[in-house]
Every structure is written in structure tokens, then in C-alpha cells.
Amino acid sequence: MMKSTQPQSSSSFVKFCRKLSPKRKDSPAESTQHNINEDQDKNKDLEAVFAYMDANRDGRISPHELQKSFMTLGEQLSDEEAEAAVRLSDTDGDGMLDFQEFAQLIKGDDDQEEKKTELKEAFRMYIAEGEECITPRSLKMMLKKLGESRTTDDCRVMIRAFDLNADGVLSFDEFALMMR
């Protein structure tokens, strides 16, 4: 079975994002104007980081540019991690990160971890015990449990529609893209 392409939580990329991610304050006593100014400053900082990483100045960051930026900063980011990071944040499906996608990746939603946990739980429902990916057989079994009878060939076709690396199975990253 193919190994999942999901970056490990201790990866350089995750550590880097945590460094860049603005600290959230829960204190309601802070003034609105202070929060607006702080958000504008953080946005300018993100724009500067984005411009630094966008080596060819096309307004988008490719997995290769992301990886090179990390190398410049003395961090290692594997090809797999760079591609997974871009793929998970690429909302328009062009294989690159525009500024909005990059900012969303760095900032994250307050409930992003919750959404990811829910996706992982859903993903686990579709995988067979001992496997790391959704196979045509495991998809067929889950669909049957849900009252939808499909052939294994039907399930292969469904998987192929979201199987980015053409390995015949869905990794968590591919499943997450499918669920958007």
C-alpha cells in the first residue's frame, strides 16, 4: 500500500507555519481599533513572506518555490511535504498558492483542527483495517453499509476521479480534496 502523503506534525513546514501564524487572543477587553491595526500589520507581514517565497514573481507559490524558500531559511521540506502543503491549501485547483490561499494556510481557521479531525474520522470509516488508503474494495464495503450497492469497478472509477498520483487508491490528502 502507498504511504500517506500527509505531512507529519513535526515537519519543518508545520513548524514554520506555527512560527508565522498569528497568536490568537481571546480577551474581549482589547479594543477593536487595536485589533484592526494588528490584523493589518500581520497582513503586511504575510505579504512580505509571500513575496519572498514567490521567486518568479508570478503571484503564486509553487511546491518547488515553497521548498526552495525553506532551504534558504535552513529548513528541509521534502518534495512530498511541499506538494501536500500546496495541494491541501489550493482551493482553486491550479497546483499553486495565490496570496489568499497562502494566507489561509498560515493563519488557519479557528476550527481548522476540528475540521481536519472530522475529515480524518470520516476517512477512517472508508479504509479497511490494516490499510492506510481507501481502496476500491474498502469503498465498496462502506457504500454497501450506507445502503448504496456498487461494483468494485464502479468504485475504481470513483477513486480515479480524485486519485492525483494514479496509484489506484485515495490517500488522506486526496480524500480531503474530494471532500471540499
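Trainee: Which residues does Phe102 touch?

Mentor: Phe102 touches Leu46, Val49, Phe50, Met53, Ile61 and Leu97, leaving aside residues up to four places away in sequence. Contact here means heavy atoms within 4.5 Å. This is a predicted model, in which local features need pLDDT of at least 70 and side-chain atom pairs count only at pLDDT 80 or more, while totals for chains, interfaces and linings use all residues. Residues are numbered from 1 along each chain as its sequence is written, and side-chain values use heavy atoms, with hydrogens and water left out.

Trainee: Which residues of the largest nonpolar core touch the most other members?

Mentor: The general idea is that in soluble globular proteins, nonpolar side chains tend to be buried together. A nonpolar core is a set of buried Ala, Val, Leu, Ile, Met, Phe, Trp, Tyr and Cys residues joined through side-chain atoms within 4.5 Å; buried means under 20% relative accessible area, exposed over 50%, and partly exposed in between, with a 1.4 Å probe and protein chains only. In this model the largest core has 16 residues, and Leu46, Met53, Ile61, Leu66, Leu97 and Phe102 touch the most other members. Helix 2 (32-53), helix 3 (63-72), helix 4 (79-89) and helix 5 (99-107) each supply at least two residues of this core, and helix 5 gives the most, with 5 residues. A second, separate core of 12 residues includes Phe123, Leu139, Leu170 and Phe172.

Trainee: How many helices and strands does the protein have?

Mentor: The protein has 9 helices and 0 strands. Both are DSSP runs numbered from the N terminus: helices are H or I with at least four residues, strands E with at least two.

Trainee: At what angle do helix 7 and helix 8 pack?

Mentor: Two packed helices are described by the angle between their axes and the distance between the axes. Axes are lines fitted to C-alpha atoms, for helices over the stretch in contact, and angles run from 0 to 180 degrees between N-to-C directions. Helix 7 (residues 136-145) and helix 8 (residues 152-160) pack at about 110 degrees, with their axes 8 Å apart. Helix 7 and helix 8 are therefore roughly perpendicular to each other; angles under 35 degrees count as roughly parallel, over 145 as roughly antiparallel, 65 to 115 as roughly perpendicular and the rest as oblique.

Trainee: Is Asp153 buried or exposed?

Mentor: Asp153, which lies in helix 8, counts as exposed because its relative accessibility is 52%. The C-alpha atoms of Asp153 and Arg137 are separated by 9.3 Å.
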